[in-house]
Amino acid sequence: MAVAAIGASWIHRLNDPGVLCPLRALTGIPCPLCGGTTVFIELGSGRPALAVLANPVALTGAIAVAAAPLGLGRRWWALQPKTRAWMLGTALVGSELWQLVRLGILRV
């Protein structure tokens, strides 16, 4: 993951591809995972605070996926399916609201 983050940062520095999210490119409205690529670019550039601001849910998900092989994923799968669904749904709604505020579409 670290190599991919550094590689994405290097590629982005050489050639900015613009908006990668198809929903945002077509409608101007970000999806809950918008900023996920920016998370890896900022981490690869050594700016973890900016990675958190880009999308805390995507960053948390990436950390969870990286930690899952260490046995930490067992706690997630031990939860009831309904509990996991509520947790994921709440995270995605929160992430969407974060993106709408971050990109200036929703004012608070």
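**Figure 1. Overall fold of the predicted chain.** From the N terminus on, the elements of the chain run α-α-α-α-α-α-α. There are seven helices and zero strands. Helices (H or I, at least four residues) and strands (E, at least two) are DSSP runs, numbered from the N terminus. The model is predicted: local features need pLDDT of at least 70, side-chain atom pairs count only at pLDDT 80 or more, and totals for chains, interfaces and linings use all residues. Residues are numbered from 1 along each chain as its sequence is written, and side-chain values use heavy atoms, with hydrogens and water left out. Along its principal axes, the C-alpha trace spans about 45 × 35 × 25 Å. Of the 108 residues of the chain, 23% count as buried. Buried means under 20% relative accessible area, exposed over 50%, and partly exposed in between (1.4 Å probe, protein chains only). The accessible surface of the chain comes to about 7500 Å². Carbon and sulfur atoms own 71% of that surface. Accessible areas come from the Shrake-Rupley method with a 1.4 Å probe; for residues, only the protein chains shown count as cover. Among contacts between residues at least 6 apart in sequence, 54% join residues at least 24 apart. Contact means heavy atoms within 4.5 Å.

**Figure 2. Helix 3 and the glycine after it.** Helix 3 covers residues 36–44. Its buried residues are Gly36, Val39, Ile41 and Glu42. Gly46 follows helix 3. The phi of Gly46 is positive, near 80 degrees.

**Figure 3. The salt bridge between Arg47 and Glu42.** The structure holds one salt bridge. Arg47 forms it with Glu42, and the closest N and O atoms are 2.6 Å apart. The term requires a side-chain nitrogen of Lys or Arg within 4 Å of a carboxyl oxygen of Asp or Glu. Side chains of opposite charge can pair when their charged atoms come close. The two partners differ in cover. Arg47 is partly exposed, because its relative accessible area is 39%. Glu42 counts as buried, because its relative accessibility is 13%.

Figure 4. Helix 5 runs over residues 56–67. At 1.5 Å a residue, its twelve residues should span 16 Å. The end C-alpha atoms of helix 5 are 16 Å apart, which agrees. The expected span is 1.5 Å times one less than the number of residues. Ala58, Leu59, Ala62 and Ala67 are buried in helix 5. These buried residues pack against helix 3 and helix 4.

Figure 5. Leu59 sits in helix 5. Leu59 counts as buried because its relative accessible area is 13%. Leu59 touches Val39, Leu43, Ala51 and Val52, not counting residues up to four places away in sequence. Leu59 and Val39 are 20 residues apart along the chain, yet their C-alpha atoms are separated by 6.4 Å. Val65 is also placed in helix 5. Val65 counts as exposed, because its relative accessibility is 57%. Val65 and Glu96 are 31 residues apart along the chain, with 21 Å between their C-alpha atoms.

**Figure 6. The two sides of helix 7.** Helix 7 covers residues 81–102. At 1.5 Å a residue, its 22 residues should span 32 Å; the end C-alpha atoms are 31 Å apart, which agrees. The buried residues are Arg84, Ser95, Glu96, Gln99 and Leu100. Seen down the axis of helix 7, they fall within an arc of 135 degrees, so they line one face of the helix. The arc is that of the directions from the helix axis to the C-beta atoms. What covers these buried residues includes helix 4 (48–54), helix 5 and helix 6 (73–78). On the other side, Lys82, Trp86, Thr90 and Val93 are exposed. Trp86 counts as exposed because its relative accessible area is 60%. Trp86 and Gln99 are 13 residues apart in sequence and 20 Å apart in space, C-alpha to C-alpha. Just after helix 7, Gly104 takes a positive phi of about 80 degrees.

**Figure 7. A nonpolar surface patch.** Val93, Leu97, Val101, Leu106 and Val108 make a nonpolar surface patch of about 470 Å². Patches use residues with over 30% relative accessible area and no salt bridge; like charges are joined within 9 Å, nonpolar side chains (Val, Leu, Ile, Met, Phe, Trp, Tyr) within 5 Å. Val101 lies in helix 7. Val101 counts as partly exposed, because its relative accessibility is 36%.
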